[in-house]
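Please read it with the sequence and the model at hand.

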Amino acid sequence: MAPQIYISGELYDKENAKISVFDHGLLYGDGVFEGIRSYGGKVFRLERHLDRLWESAKAIWLEIPLTKDEMAEAIYNTLAVNGVKDGYIRVVVTRGEGTLGLDPNRCANPEVIIIADRIALYPKEYYENGLEIITVSVMRNHPAALSPRIKSLNYLNNILAKIEGLQAGCIEALMLNHKGEVSECTGDNIFIVRRGALLTPPNEAGILEGITRDAVMELARKAGIEVRETPLTKHDVYVAEECFLTGSAAEVVPVIKVDARTIGGGKPGPVTRDLMARFHELTKSADSSNCTNHR
Ligand code: PXG
């Protein structure tokens, strides 16, 4: 059976899953999204993802035409119909079909799209040997222009950074904020280990408040590791004992080189490996405070 895509209350075969070329999501990047994981048929931290989606929508004056419960049900249905247990869920809410011109008031009905797909992971060797990343010249969006906390359909800032990283042979790229501080990568948050403590940039550094980031901070605290959200410079990263990235797609992935500097021993370090294992356990656990299961 062809993949079934949810669009505003109906399921369509992939070939017929289409929205208008007058949708402001396409014309202006006017909309919001979430990238979510499911493990063993359970959606990882669904409530947190829905909260963030609703917060992103609120920030752009977009009213999502469903309740959070209805959205959760639509997500679980889409997973079930597609027989996806371990997969990737993309939820998109666009401003909807309108007219040419920016005015969102011309868009009567936001469109809700849910795609449940298999997950394309990074190659296994990245988890075993670690990634090399570089700092790119593209600066993270200035929070006063477009807050990085909004997961909007305007991802050009990150795409330009990703291109620069790819051109240098790196699949992830580190972005600095308008103050020259470390913010995050194009689709992942960054952590370092310094004198045994786990450090990551705070919200004020202009980051997306990652749900994997939150989970990893919780796991670290439970394991007795000191965790601090604190501004970081490139220098802090270069001299770190360890470095890793977190994100729904990547989960926890070690970094062993930044701007051609070897981090720590040039191999995934003990804290990183411990947190990777703990995160893996968390995704397998049936804990309902961890994963919300509506079935
Ligand atoms: N920063 C940015 C800019 C992101 O886009 C993260 C950090 C990590 O957040 P989470 O909540 O995932 O831990 C992201 C996440 C996709 C895709 O399909 C993008 C993300 C996650 C999953 C899929 O492009 N971005």
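A residue counts as exposed when its relative accessible area is over 50%, and as buried when that value is under 20%. The model is predicted.

- The ligand sits in the largest pocket.
- Two or more residues each come to the shell around the ligand from β5 (87-94), α6 (211-222) and β13 (242-247).
- In total, 21 residues surround the ligand, and the closest are Tyr88, Tyr155, Glu184, Thr212 and Ser248.
- Sorted by class, this shell holds ten polar, six charged and five nonpolar residues.

**Polar contacts and cover**
- Thr212 places a polar side-chain atom 2.6 Å from an oxygen atom of the ligand.
- For Arg90, a polar side-chain atom is 2.7 Å from an oxygen atom of the ligand.
- Lys151 has a polar side-chain atom 2.9 Å from a nitrogen atom of the ligand.
- On its own the ligand has 540 Å² of accessible area, and the protein covers 89% of this.

**Positive phi outside glycine**
- Arg195, which is not a glycine, has a positive phi near 50°.
- Arg195 belongs to the loop that runs between β10 (189-194) and β11 (197-200).
- The relative accessible area of Arg195 is 68%, so Arg195 is exposed.
- Glu251, also not a glycine, has a positive phi of about 60°.
- Glu251 is located in strand β14 (residues 251-258).
- Glu251 is buried because its relative accessible area is 16%.

Note on methods:
Residues numbered from 1 in each chain as written. Predicted model: local features only at pLDDT ≥ 70, side-chain atom pairs only at ≥ 80, totals over all residues. Heavy atoms only, no water. Helix = DSSP H or I, 4+ residues; strand = E, 2+ residues; numbered from the N terminus. Buried < 20%, exposed > 50% of the residue type's maximum accessible area, 1.4 Å probe, protein only. Near = heavy atom within 4 Å. Polar contact = N/O pair within 3.5 Å; in protein donor to acceptor, adjacent residues only side chain to side chain. Areas by Shrake-Rupley, 256 points an atom, 1.4 Å probe, with all protein chains shown as cover. 1 Å grid on protein atoms, 1.4 Å probe; cavity = no way out; pocket = protein on both sides within 12 Å on 5 of 7 lines; lining within 4 Å. Sits in = over half its atoms within 2 Å of the grid points. Nonpolar A, V, L, I, M, F, W, Y, C, P; charged D, E, K, R; others polar.
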